[in-house]
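Please inspect the sequence and the model before reading each solution.

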Amino acid sequence: MQTEITAVKGGLCGVQAAIFKIVSMLQKLRQDFMTQKQIYRAKWAVGALLLAQSIWCYGRTEVIASEAQEPKAEQASAEAKPTTSSEPKPEAAKAQQQAAETDAKDAELADKLANENLPRAESIQLAEPVEVKEVVLNPKSAPEPAVAEPKSEPSNSTATAPKPAPASDKVSAAKALVILNTEVPPSTTTRLSWSPEQSFEMISTPTPVLIAHGVKPGPVLCLTAALHGDELNGIEVVRRVLYNIDPTELSGTVIGVPIVNLQGFRRSSRYLVDRRDLNRYFPGNPEGSSASRLAYSFFTQVISHCDALVDLHTGSFYRTNIPQLRADISNPAVVKLTQGFGATMVLQSAGAEGTLRRAAVEAGIPAVTLEAGESMRLQERSVAHGVKGIHTLMDHMGMVKRFSLWGDPEPVYYQSVWVRAERGGILFSSVVLGDKVDAGDLLGEVRDPITNRKTKIVSPHDGRVIGMAVNQVVQPGFAAFHVGIRAGEGAILEPEEDIETSSTKKSTTNKEVQQVAAGKKPVSRLAPGEDGLLNDIENFEYD
């Protein structure tokens, strides 16, 4: 209102100045065009005009002031009582409520992070080569520069941070991920490290953990490899998947641990330094054996953050597997996970007690084991299948948009058998991975190089070769061929680890091996005194 009054007064001054100017002009023109009497008449007319103009304008100022108050009163009334047409719809009100709740949670998380003073991970290009000391010897050196950055400027927290999302998209913005005592902002790819509290070498050896935290919210998918240190294919699968993720196009988070068992990897061994199998001790025990403590540390610090888990393995002891998923398909959440891998064969298996997969499922985390290829070798076809399967899974979970073209769908096998050698000698295979066989078909033969005696190995069932040993020297009772049996509709069969067979009715294997292979004496429950050590007992049937 004060603005309108000032404008009116300014206009009055302008009119008065114009009138005085006219009077002065009349005085100048008096000698040439006007008489004295005419000048006096003009001055009286101008005076009357000024008086009338002043009365009218000052009255108009009050009118303008009152008119300026009316729209504000109407606006206040409209805000206090909205019309029917402007009432928010139920959907809009619900969206506003969700946005408010999200803002409150974000503020609570920010306060929590600020109080804990956690280091903030710096976004890096995972595919860029780095020095070993930056990854292992000093794993926390990378996030240090980000700690000093003001928390009020999240745009400086990552090197590849996207442009701020519009206010309407605020509900779909991802939150920071807190893992391994580090805050990982959205749209970040980084390399952290998991350090168990103890090490056999008396020196803590951090294990690299690769993280891709997307710009949008979504599930947390974990990929683990080399739980057995001599299995190489899974390491390359994790590397290819994590090093080719664009966090600005990712919904959710991918956590990859390429080498869980660094001790075994350095020695090209399946086991830990003390010959324990780390994949028989999950979820672990903080007061148990060294393997139990390692398993507990890894499970609580890394696996507990997962919404789904894919544990990557290969065949063991010079055996190879066709790409296959081992999963407990009695669990609906696990079945849903297997459906995202494209044309990948599925083998029913609840998993041995102590395996990472089984422990995760028992903790409510859907998990599968992806077996592909053989140990001690890097096989391109197995690696490519694993990468393609995980990319398809990520698309199935809504994490990325990626189209993968697969062939005919693969079956689900509810039962499988290991066919063993009757005698020792050199194994010569007659089939290859993926071959379909009928009962009585020749799988291979064992030849004695001294006596030249040949012993045939035949399939006891109709099925498909899903795993087999490479040609090598074998002992009596050696498991040579793994045959998957596709169950008929409505069939109820035993789990795969409870099945034991050989090429003849009478097996020459010792009693201890028979009990373990038959599932009557699981490897994770060895008798007192054996302490879980795996030397001569075969456990290749498990993950």
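**Exercise 1.** Determine how α7 and α12 are oriented relative to each other.

*Solution.* The two helices are oblique to each other, because angles under 35 degrees count as roughly parallel, over 145 as roughly antiparallel, 65 to 115 as roughly perpendicular and the rest as oblique. The packing angle of α7 (residues 233-242) and α12 (residues 380-396) is about 45 degrees, and their axes lie 9 Å apart. Axes here are lines fitted to C-alpha atoms over the stretch in contact, with angles from 0 to 180 degrees between N-to-C directions. Helices (H or I, at least four residues) and strands (E, at least two) are DSSP runs numbered from the N terminus.

This is a predicted model, in which local features need pLDDT of at least 70 and side-chain atom pairs count only at pLDDT 80 or more, while totals for chains, interfaces and linings use all residues. Residues are numbered from 1 along each chain as its sequence is written, and side-chain values use heavy atoms, without hydrogens and water.

**Exercise 2.** Identify the residues through which α7 and α12 touch, contact meaning heavy atoms within 4.5 Å.

*Solution.* On α7, the contact involves Asn233, Glu236, Val237, Arg240 and Val241. On α12, the residues are Glu380, Ser382, Val383, Gly386, Val387, Ile390, His391 and Met394.

**Exercise 3.** Characterise the pair formed by glutamate 183 and arginine 120.

*Solution.* Their side chains form a salt bridge (a Lys or Arg side-chain nitrogen within 4 Å of a carboxyl oxygen of Asp or Glu), with an N to O distance of 2.7 Å. Glutamate 183 belongs to strand β2 (residues 182-184) and arginine 120 to the loop between α4 (90-116) and α5 (132-137), so the pair joins parts 63 residues apart in sequence. Both glutamate 183 and arginine 120 are buried (under 20% relative accessible area, with over 50% exposed and partly exposed in between; 1.4 Å probe, protein chains only).

**Exercise 4.** Which residues are linked with Glu231 in a network of salt bridges?

*Solution.* The network joins Glu231 with Arg270, Asp277 and Arg280. Within it, the closest N and O atoms of glutamate 231 and arginine 270 are 3.5 Å apart. Both of these residues, glutamate 231 and arginine 270, are buried.

**Exercise 5.** Is arginine 464 buried or exposed?

*Solution.* Arginine 464 has 11% relative accessibility and therefore counts as buried. Its salt-bridge partner is glutamate 410, with the closest N and O atoms 2.6 Å apart. Glutamate 410 is partly exposed at 31% relative accessible area.
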